[in-house]
Amino acid sequence: MESVDSRDEEAPLVADSLQVLTPKNYTRDVHILSCAFLLIFLAYGAAQNLETTVNTEGNLGTISLGILYTSFTCFSLVASLVVRVLGSKNALILGTTGYWLFVAANLFPSWYTMVPASLYLGFAASIIWVGEGTYLTSAALSHASNHKLHEGTVIGSFNGEFWGMFASHQFVGNLITLAVLKDDKGGSTSGTTLLFIVFLGVITLGTILMCFLRKEEDKGEKETADASVNFYSYLVSLSKSITTLLADVRMLLIIPLFAYSGLQQAFVWAEFTKEIVTPALGVSGVGGAMAVYGAFDAICSLAAGRLTTGLPSITFIVSGGAIAQVVVFLWILINYRVTSGVLGTLYPLIMAALLGIGDGVLNTQLSALLGILFKHDTVTANPTLIRQILVW
């Protein structure tokens, strides 16, 4: 009897030890992060697409976007300090507040609401994207280490899921825009107030979802945070990191790709919607065209992520996406004219699809490429920050 009792008492200890040895699975966090970004950016992305067509008085929409991305570029220099001090999760949550405020400002668009909201969103966007890049790459490397998997494959898979879900924001958000906005006979557009209220609710849900992310326990990151409280020391450290990256031949070869990636996104968000889509489909048609763009962007992001195995596959996939976008640019430069009828409606949608294919490929593959080549510096070598700084 005593031997039986002793075995019963030892059993829970064995079970506990097995539970402790079970490696952490980070796919749950990738699902949460991807869904949260989908909710936040389906609202912001659709609002951004409408800025230049809805807030036209005094070019308020265009100037607001210019202020936003100038602010983003400036705050990018200190964003990694904020992320290191707050931690990736807290930085992600704080970053969502900028998007909420920007959409709220569109309910009462004026210079007194849009300019401050754009300035703050520049700061919020810089820290949310540094936080995203740091969190996602750290999760991928930890998952690969815990489960004895190839790092490049896991980084590609995690980036494919994230950017696939992220790209879906253009599809979902613009379908909502298409359903809510209506073109009146007088040439005005109704439903904008209801649309922005819906978007505020969606962003709030995304912020709440972000709170369920698992907090990263990284000793190296904590030590960096303590060392970075001294601002001067941080600037010196950041300058050294940037100098080291720019002296790396691999980074110099990647920079043109990031510059192009940022420029083609700026073209789609501003000029394509204003000069190609609106004349052919009207303001309400912007939502439909960008929904097509988002759908193809999402599908190609997911597919490209699954196909990523290393540098050779990245080279092949990026080349295919670039060719798809070259077709659109040549079409616009050589032979495109606004026409009526079915073809007039179809042409902008075909262009949107091809542009979405290229963007989906570039987002996924360039992020995976940096994660593979610069896995020990996930904060400074952040794909979104590099892209935006190069564009400006």
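1. Contact, as the word is used in this note, means heavy atoms within 4.5 Å. On that basis, and leaving aside neighbours within four places in sequence, Ala-36 is in contact with Gly-206, Leu-209 and Met-210. The model discussed here is a predicted one, and the points below should be read with that in mind.

2. Ala-36 itself lies in helix α2, and since buried means under 20% relative accessible area, the value of 0% found for Ala-36 places this residue in the buried class. A further relation across the sequence concerns Thr-96, which is 60 residues from Ala-36 along the chain, while the C-alpha atoms of the two are separated by 9.6 Å.

3. For the protein as a whole, the secondary structure comes to 14 helices and two strands. Of the 392 residues, 51% are buried. Among the contacts with a separation of 6 or more, 83% are accounted for by residues 24 or more positions apart.

4. The packing of helix α4 (residues 88–105) against helix α7 (residues 192–210) can be described in some detail, for the two meet at an angle of about 175°, and their axes are 10 Å apart. Angles over 145 degrees count as roughly antiparallel, and α4 and α7 are therefore roughly antiparallel to each other. On the α4 side the contact is made by Lys-89, Leu-92, Ile-93, Thr-96, Tyr-99, Trp-100, Val-103 and Ala-104, and on the α7 side by Phe-196, Phe-199, Leu-200, Ile-203, Thr-204, Thr-207 and Met-210. Sorted by class, the residues in this contact are eleven nonpolar, three polar and one charged.

5. The largest nonpolar core has 70 residues, and those with the most contacts inside it are Leu-33, Phe-37, Tyr-99, Trp-129 and Met-210. Helix α2 (residues 27–54) supplies the largest share of this core, namely 14 residues. At least three residues of the core come from each of domain 1 (25–214) and domain 2 (247–391).

6. Asp-297, a residue of helix α11 (residues 285–307), deserves a check by eye. Its relative accessibility is 3%, and Asp-297 therefore counts as buried. Not counting residues up to four places away in sequence, Asp-297 touches Ala-167, Gly-356, Asp-359, Gly-360 and Asn-363, and one of these, Asp-359, belongs to the charged class.

7. Lys-274, which lies in helix α10 (residues 249–281), is partly exposed, with a relative accessible area of 36%. When residues up to four places away in sequence are not counted, Lys-274 touches Thr-52 and Pro-279. Of these, Thr-52 is 222 residues from Lys-274 along the chain, and the C-alpha atoms of this pair are separated by 7.1 Å.

Terms used
Residues numbered from 1 in each chain as written. Predicted model: local features only at pLDDT ≥ 70, side-chain atom pairs only at ≥ 80, totals over all residues. Heavy atoms only, no water. Axes fitted to C-alpha atoms, helices over the stretch in contact; angles between N-to-C directions. Helix = DSSP H or I, 4+ residues; strand = E, 2+ residues; numbered from the N terminus. Parallel < 35°, antiparallel > 145°, perpendicular 65-115°, else oblique. Buried < 20%, exposed > 50% of the residue type's maximum accessible area, 1.4 Å probe, protein only. Core = buried A, V, L, I, M, F, W, Y, C linked by side-chain atoms within 4.5 Å. Domains from an automatic or database assignment.
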